[in-house]
Amino acid sequence: MSDYFEEMGWTPLRDGEAPNSFLHMARLLRDFGMWDELGLGERLPPPASKEAISNLKDIKFDGTCQQCTVCLKDFDAASSIKSMPCRHSFHNECITPWLKKTNSCPLCRYELPTDDEDYELYKKEKKRAVQREEDVKSLHNSMFS
Ligand SMILES: [Zn+2]
Ligand SMILES: [Zn+2]
């Protein structure tokens, strides 16, 4: 039996050598899309709050040929169109299910408020971190310019 393995280029593990099973598992996870579910990839933001969804503005079809980027169909007079605060507009039946999955505009990632306290906290922290960085930058500029 050992001859067969040697012919295939298989070498037994030496003392202290571990099989590379972690890498193998990581590949498996990635290939089966489980990477994201485990929170290892980029996490999708939580759904928009019900209030934010119901506050979306209804807009009337005004003849300018615009397309809904969710379903890639043009709007027409029969469409019920919702406008996001970022001014991107989508069919009501397209954007509502989308926002029940994640809070951001499919086009520009503009984020609506969510009901998820953890996420709102995380967003605030992120904003604060950016602000701090800007403060440091402007301080640096004021000292060296
Ligand atoms: Zn649509
Ligand atoms: Zn947008």
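Predicted model: local features only at pLDDT ≥ 70, side-chain atom pairs only at ≥ 80, totals over all residues.
Local features need pLDDT of at least 70 and side-chain atom pairs count only at pLDDT 80 or more, while totals for chains, interfaces and linings use all residues. Residues are numbered from 1 along each chain as its sequence is written, and side-chain values use heavy atoms, with hydrogens and water left out.

The zinc ion (ligand 1) is held by Cys 68 (SG), Cys 71 (SG), His 91 (ND1) and Cys 94 (SG) at 2.0 to 2.3 Å; donors are N, O and S atoms within 2.8 Å of the metal (3.2 Å for Na, K and Ca). Angles of 98 to 117 degrees make this arrangement tetrahedral, a label that requires all angles among four donors to lie between 85 and 135 degrees. Along the chain, the spacing is C-x2-C-x19-H-x2-C. Within this site, Cys 71 is partly exposed at 27% relative accessibility, whereas His 91 is buried at 6% (buried means under 20% relative accessible area, exposed over 50%, partly exposed in between, with a 1.4 Å probe and protein chains only).

His 88 is partly exposed, with a relative accessible area of 25%, and Cys 108 is partly exposed at 37%.

Key: Chains lettered and ligands numbered in written order. Tetrahedral: all angles 85-135°; square planar, octahedral: opposite > 155°, others 65-115°.
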